[in-house]
Amino acid sequence: MFRALFCGVIAVTFPIDALGQGYQRPPRAVTDILDVPPPPGLAVSPTGDSLLFVQTTRYPSIEEVAAPQLRLAGLRIDPRTNGPARPFNITGLSLQTLPDGKPVEFHLPNHGKPGFPVWSPDGKRFAFTVTTPKGIELWTGDLKADAKLQHVPGVTLNATIGEPFQWLPGSESLIVQSIPAKRGESPAKPVAPTGPVIQESDGKAAPVRTYQDLLQNPHDEALFAYYTTSQLAIVFPGAKDKEPLLLGEPGIVLDADPSPDGEYFLVVRVRKPFSYLQPYSAFPRVVEIWSRDGKVVRTIAELHLQDKVPIEGVPIGPRSVRWMPTQPHTLIWVEAQDDGDPRKKVEHRELVFTSAVEGRTTELMKLEQRFAGMDFFPTGNRMLIRDYDRERKWSRTFLAPTTSLFAATEPKLLFEKSTQDRYGDPGTPLGRTMPSGHRVLRTGGDPAGDTIWLAGPGASPKGDRPFLDRFDVKTGKATRVFQSEGNVYEEVVGVLDAKGTRFLIRRESPTEPPNYFFRDANHELRLTKNTDPAPELRKATKQLVTTKRADGTTISFTLHLPPGHTKDREKIPAVFYAYPVEFASADTAGQVSGSPLRFTAIGGYSHLFFLAQGYAVMEVSMPVVGPPATANDTFVDQLVSNAKAALDKAAEFGIDTQRVGVMGHSYGAFMTGNLLAHSDLFRAGIARSGAYNRTLTPFGFQNERRTFWEAPAVYAQMSPFNHATKINEPLLLIHGAADNNPGTFTVQSERMYAAVRANGGTVRLVLLPHESHGYEARESVEHVLYEQFAWFDKYVKNAKPR
């Protein structure tokens, strides 16, 4: 091992034969960056006059990550707490009133892990969980209580599934999912099985994605039911003499949403039979309306196991059931008219229905394409409703009535565009929270309520320039209120009043980290003072670069050059980092994304840490262009064409194209395997948490909608595992030993390692204990960085000429 000073940054070369030596660490300059606490997050009150600053930690220890957990039906449960295996943990909480109040710090409970705070609808209180070794507590804070936090007694929360708590209209009480008082001990594992595990199909097509953490036997079923069963209750944090009010019988509750008038609850409960092939989200369920005293008033739907949903399809029956926020207790939902199958040709794919609790169900409107979401106006019985055409990747937004009284009114088309057209994005509507706790559109302050706020990235060939528009839905005219200008990157993250005179702004630049500012007509106030966690790396430069591949398709990449480097100096090695994305047209594929004016944040096991080791870093767009049904027919050829074009252009900036390593995560790892197998453009590769044998994901993957049996040649050609004999560059495979991402089983990397090794390739496999698809523990993060540096230092930076 030796140390060398490179352009003011310490570069270290590591040995890579450290087998069985425990967790390794990167150089001190890197760990110092990892030590810096993350900047605080913000939670804006519904009234827009208060902010909560939330400080968190970055990396748990390996001891925390290795804590006992149950993997059941797609969930990872801590059996000690009856909550998620990796609970959120805040370390600091403070309050600031706007515009110029002084921050007031709260003293957090120190006997557990506090969760993220949730504001009450009136903006005067907030609630949060505290996960302790014995269970999960509910705590509240009151803006008038002199920065004191209070524990809500008499309730232990169940946070395994659904929302553990929600504020009720009026902000004086909450509905919670609690541990049933008499549930007894956890089911004991049987000494011996009671019989074989049997599954059977009835002859109907039932494609299923490669899900993980599924139920495997009757004992798993018993554990799932035990830990997910909750007792709904209403608690009153401000009233010491009020006991929790129990609602109904215990059950597996996915949702318990109060109606706007607070008189009813929309309750969704899971029912048996459970499945060994699907996660809990596909289990049978019943959708009901409960009264405030816990009685079932009406059953909206009894939905069966969702095991026969077509690829890219939707379940049959009512879905997206929700309260209409502008009515006391009226529901709205959609139902597929094509059996949920996008391949079927029908005049209308969806019907939209409404129904008051005590009223009849009424058809409100038809949608030609698949339902894609809705937002409600606070007045005028109107909504924005969207549909999506998967064949064209096309989205439309309509202005439509929310009551059958105006059902004859034809929906008005406001926007239509390709979902991949960043340049033509009109922006996303901004919302606000009503006193009932439900979300509606934030209107622009006009008396008729006809204007809404649209915020967008402002994508352009020169990079993103975020904007805020006031849009009139009657005239279709947009008025620009704000757009980022100059040498900084600014975006509006909150409109704080109805008239649009008070804003929350987030500002950053290549040299200044993101900070938040309050701005009104009279002044601007800085709210945060975040500092640069890696000032030495701020001497690195970056720029957006565009070029064309052989077929004329424009591609772009962000080029980061290490501190002190100019293209006139000696050529330097580079890291090529990318993630393939499918596009329906070359026009949208060639659009620039990102901005050279953004602050380069570095953390975790980021590829950008290579800048501290003397490498350039290329973050490359990798478009795969073609009709959605067949784009992957030329997947490999397009990957190679993209990479060659980017490297040819990079040579103009002082990159030594004979010393470039390629790397990616997940689908980017899949890309890495393919580029090494089908080209000689790179000296080595690093593939993290990838899938390499597509016969193990036979019912489609990423945006591939065909099954293996429909397109066997495509699956074979796209699988790097099938071409292991062609991988003659060194390949580092890294994978979490407990990966729960659909399709990227840990065995994918184990089999890929075996294939390359058996055929004489240079390959190394690193399995990270207890880690999932992304890596969390500090020890794991440091070790991944160590492995990445060591691999590319040996096989890229110090590689001999070919």
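Modeller: Helices (H or I, at least four residues) and strands (E, at least two) are DSSP runs, numbered from the N terminus. The model is predicted, so local features need pLDDT of at least 70 and side-chain atom pairs pLDDT 80 or more, whereas totals for chains, interfaces and linings use all residues. Residues are numbered from 1 along each chain as its sequence is written, and side-chain values use heavy atoms, without hydrogens and water.

Biologist: How many helices and strands does the chain have?

Modeller: The chain has nine helices and 47 strands. Its radius of gyration is 28 Å, close to the 28 Å that the globule rule gives for 802 residues, so the chain is as compact as a globular protein of that length. The radius is taken over C-alpha atoms, and the rule is 2.2 Å times the number of residues to the power 0.38. Along the principal axes, the C-alpha atoms fill a box of roughly 80 × 75 × 60 Å.

Biologist: What percentage of the residues count as buried?

Modeller: Buried means under 20% relative accessible area, exposed over 50%, and partly exposed in between (1.4 Å probe, protein chains only). Of the 802 residues, 56% count as buried.

Biologist: Which peptide bonds are cis?

Modeller: Most peptide bonds are trans. A cis bond joins L98 and P99, with omega about 10°. The bond from K272 to P273 is also cis, with omega near 5°; P273 lies in the loop between β19 (264-270) and β20 (285-291).

Biologist: Which residues other than glycine have a positive phi?

Modeller: Most residues other than glycine have a negative phi. A73, however, has a phi near 55°. A73 sits in the loop between β5 (70-72) and β6 (75-78) and is buried, at 0% relative accessibility. D213 has a positive phi of about 60°. The loop between β16 (174-178) and α3 (218-228) holds D213, which is buried with a relative accessible area of 13%.

Biologist: With which residues is P60 in contact, leaving aside its neighbours within four places in sequence?

Modeller: Contact means heavy atoms within 4.5 Å. With those neighbours set aside, P60 is in contact with V65, E776, A777, R778 and E779. P60 is found in the loop between β4 (50-56) and α2 (62-65), and it is buried, with a relative accessible area of 18%. Across the chain, residues 24 or more positions apart account for 59% of the contacts with a separation of 6 or more.
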